[in-house]
Amino acid sequence: MVLLRENTKYKDKLRMDKRGAKKKECKECGYLGKVNEDEICINCEEEDKRKMDLNKCKQCRRKVQGDDEGIQCDKCGLWYHAVCENIGEALYKDLQKDNDELWFCRRCKPTIKKNLLENKKLKEDNVRMKEELQEGNDTISDKTETKLAKELNIIKKQVEGIQKRIENLGKKWEERENEMDEYITKKVFEIIKEKEERDRRKNNLVMHNIEEPNNMNEKELYDHDLAVCMDIFGNEIGERIEEGEIVDIARLGKKEEEGENQNRRPRCLLIKMKEPEKKWSIIKNAKKIKTTRKNEYKRVFIQPDLTRSEREKEKELREKLREKREQGEEGWYIRRGQLERRNYMN
């Protein structure tokens with residue numbers, strides 16, 4: 001039975017039960033009674049769970065497909081992408097192999113920790129109860145004492161099992177944290193190193209198949225390569241190069257001595273420009289070399305100076321592009337580090 005009484009201090013009406021306790025109202029259906037932390041009754045909470053799509057990752061809101069690296073929380077049953085939960089590849093494989101190992105999502109971890117604390121308190125209460133029982137042995141009958149001892153042994157075994165499981169979970173949790181710290185540190189170091197390497201190469205060009213005379217010393221070879229660059233940039237590509245815009249020129253790799261393999265391709269030519277804008281302008285117009293009338297330039301091509309990771313990604317993209325062209329798909333090309341397709345107008 002719900003009664004209404006007037007609060008004379010604040011002049012408002014509160015819904016009370018017959019014992020005078022305040023009832024809370026469910027914000028979904030208006031039910032007056034027991035509600036959870038979000039002020040939702042049990043019925044509405046269960047209805048929300050039924051409506052929830054369990055296959056949606058609760059971090060990115062995308063479905064966890066069959067070929068995704070997904071993981072299910074052992075408490076709430078919801079699925080997550082391993083990447084969204086910052087689970088490394090090694091940890092993910094270990095979780096797949098060990099079916100007895102439990103994993104909890106970020107939302108459930110506070111509840112699990114709370115349960116662990118409650119289990120710890122249960123153990124302490126049981127120990128305290130045992131001590132109290134031992135102190136009162138003289139006043140307890142033999143029959144009651146035997147019954148309590150059996151119950152106490154059962155509780156003791158349960159507590160020992162819970163304690164052992166908690167210790168195992170704690171050890172595994174610490175190991176996973178160490179693995180995550182190592183993984184994050186390694187990734188951060190790789191990212192910083194990659195950024196530094198890209199900054200060092202940001203003004204560089206690499207020119208391939210430029211003839212390399214064997215009878216020149218370093219100074220003569222430098223002057224020869226500089227003259228070739230000025231000829232290609234100015235006469236073949238149409239990019240006027242002012243004095244000082246080319247900072248340095250060098251051949252990559254070790255020079256072969258006379259008498260060694262003379263059929264080897266000439267070493268690549270590394271060209272360092274003063275400004276990155278000039279570098280990209282040259283690359284943009286580099287395809288004009290294909291129309292040259294000079295035989296010595298017909299096999300020449302120019303590309304930016306890429307890091308190892310950029311070269312590997314470029315190789316993968318070219319392989320995918322080759323596969324698409326072999327399958328008869330037209331209009332695909334590489335642009336800004338990814339495959340794109342031209343939209344032809346009808």
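On helix α6 (276–284), the face turned away from the buried side carries the exposed residues E277 and K284. Here, exposed means over 50% relative accessible area, buried means under 20%, and partly exposed covers what lies in between, with a 1.4 Å probe and protein chains only. The buried residues of this helix are K278, K279, I282 and I283. They sit on the same side of α6 because they span an arc of only 140° around the axis, the arc being that of the directions from the helix axis to the C-beta atoms.

Residues are numbered from 1 along each chain as its sequence is written, and side-chain values use heavy atoms, with hydrogens and water left out. The pLDDT, the predictor's confidence in each residue from 0 to 100, averages 81 over the chain, and 85% of the residues score at least 70. Over residues 1–14 the score stays under 50. Where pLDDT is low, the predicted coordinates should not be read in detail.

Overall, the chain has 7 helices and 12 strands; helices (H or I, at least four residues) and strands (E, at least two) are DSSP runs, numbered from the N terminus. Of its 346 residues, 26% are buried.

Strand β9 (269–273) is mostly covered, with 4 of its 5 residues buried. It pairs with β7 in the antiparallel sense over 4 bridges, where two strands pair if DSSP finds at least two bridges between them. N204 has K272 of β9 as its bridge partner. Strand β8 also runs antiparallel to β9, joined to it by 5 bridges, and here A250 is partnered with L270. Elsewhere, β11 (residues 332–335) and β12 (residues 338–341) pair antiparallel over 4 bridges. These two make a hairpin with 2 residues between them, and R336 in the turn has a positive phi of about 55°.

The largest nonpolar core has 21 residues, and those with the most contacts inside it are L205, M207, I232, F233, I271, I282 and I302. Such a core is a set of buried Ala, Val, Leu, Ile, Met, Phe, Trp, Tyr and Cys residues joined through side-chain atoms within 4.5 Å. The elements giving it two or more residues are β7, α5, β8, β9 and α6, and α5 supplies the largest share, 5 residues. Apart from this core lies another, of 17 residues, including L78, A82, C84 and Y92.

Finally, there is N209, in the loop between β7 (204–208) and α5 (218–237). It counts as buried because its relative accessibility is 9%. Its side chain makes a polar contact with the side chain of R265 at 3.1 Å and reaches the backbone oxygen of R299 at 2.7 Å. A polar contact is a pair of N or O atoms within 3.5 Å; within protein, one must be able to donate a hydrogen and the other to accept it, and residues adjacent in sequence count only if both atoms are side-chain atoms.

Note on methods: This is a predicted model: local features need pLDDT of at least 70, side-chain atom pairs count only at pLDDT 80 or more; totals for chains, interfaces and linings use all residues. Contact means heavy atoms within 4.5 Å.
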